[in-house]
Amino acid sequence: MSASTPTAPPAQVLRPDRKRHRLGYNVLALVTAALMAFPVYWLIVSSLRPNHEIRSYDQTLWPSSLTFDNFARAVKQDNFATAIQSSLIVSVTAVVGGMIIATLAALAIGRFRFFGRKALMMVMILVQMLPPTAMLIPIYLQLNALGGIDEYWGLIVVYLVSTLPFATIMIRGFVINIPVELEESAMVDGCTRMGAFRRVIFPLLAPGLAAASIFALVNAWNEYLFAYILINDNSKYTLNVWLMTFTTERGTDYGALMAASTLISIPVVIFFMIIQGKMATGLTSGAVKG
């Protein structure tokens, strides 16, 4: 009796109902993507329209004529260079400082057992639920008493503190997923605790740091309310507050406003494109356990 040769299993064929469901999900995804992308598309297209066409009631999806005069007027607007400088100083300092403090806090919470550790985690989660407007008056009074109004450091502290809870919780997810044995092995081989962190732990935290840093950058770069309340000096306006200069008693220069908004979004888009791979890993890997 000869042994029968195993036959390959037949290829799975999707049933008609599953095909319809998949087609429906694809259509829903395309519609959702189009709805999310349309405001960005309209912003860019409006920045290329002449002002008379922007104010017209007969709007079209594509401008009848393209112009770059809106970008020229935006760049020539007063305090454009100082607004870029202010946003860079505040955002970069807040992101770098926030990542350093959040990493140290995440290491302490993830590696050590101390009294009040769980309570601290709960407080950080609860702080994330508070709306920024609820803390506006207390923050203003405290900074005013410390002399932080109209100062970069006052705004930096606000942005840094507002991103710390989320960044700490995210980076902690990576810390607890790194085996302690790796750190102990490095210390057995002669590394100090700081050396083990720099050589072993820090490279493994890169995806979490990338995800947390893009969150902190978007929060600091796009924030308007605190920048408007805490900074009154025109020469220290951030870019989002500087956009108000396009609205005067004679009306709003919508073309230049749209062009300036497009220019403002470019740095965040570039930063996101650079670290998007690590960010995608960071948003998923750090939430495996813990």
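Which helix is R111 found in? I started there and found R111 in helix α4, which spans residues 80-111. A reminder to myself: this is a predicted model.

**R111 and its surroundings**

I looked up the burial of R111 next. Its relative accessibility is 17%, and the cut-off for buried is under 20%, so R111 counts as buried. I then followed the side chain of R111 and saw that it reaches the backbone oxygen of V175 at 3.0 Å. The R111 side chain also reaches the backbone oxygen of I178, again at 3.0 Å. Setting aside neighbours within four places in sequence, I listed the contacts of R111 as V175, I176, I178, P179, V180, E183 and I201.

**Elsewhere on α4**

I checked V96, another residue in helix α4. V96 counts as partly exposed because its relative accessibility is 45%. I found V96 in a nonpolar surface patch with L88, V92, I100, I101 and L104, and together they have about 520 Å² of accessible area.

**Salt bridges**

How many salt bridges are there? I counted 3.

I noted R49 with E53, where the closest N and O atoms are 2.9 Å apart. Both R49 and E53 are buried.

I then took D253 with R73, with the closest N and O atoms 2.9 Å apart. D253 lies in the loop between β2 and α13 and R73 in helix α3, so this pair ties together parts 180 residues apart in sequence. D253 is partly exposed at 21% relative accessibility, and R73 is partly exposed at 30%.

I logged E151 as partly exposed, with a relative accessible area of 31%.

Methods:
Residues are numbered from 1 along each chain as its sequence is written. This is a predicted model: local features need pLDDT of at least 70, side-chain atom pairs count only at pLDDT 80 or more; totals for chains, interfaces and linings use all residues. Side-chain values use heavy atoms; hydrogens and water are left out. Helices (H or I, at least four residues) and strands (E, at least two) are DSSP runs, numbered from the N terminus. Buried means under 20% relative accessible area, exposed over 50%, partly exposed in between (1.4 Å probe, protein chains only). A polar contact is a pair of N or O atoms within 3.5 Å; within protein, one must be able to donate a hydrogen and the other to accept it, and residues adjacent in sequence count only if both atoms are side-chain atoms. Contact means heavy atoms within 4.5 Å. Patches are made of residues with over 30% relative accessible area and no salt bridge: like charges are joined within 9 Å, nonpolar side chains (Val, Leu, Ile, Met, Phe, Trp, Tyr) within 5 Å. Accessible areas come from the Shrake-Rupley method with a 1.4 Å probe; for residues, only the protein chains shown count as cover. A salt bridge is a side-chain nitrogen of Lys or Arg within 4 Å of a carboxyl oxygen of Asp or Glu.
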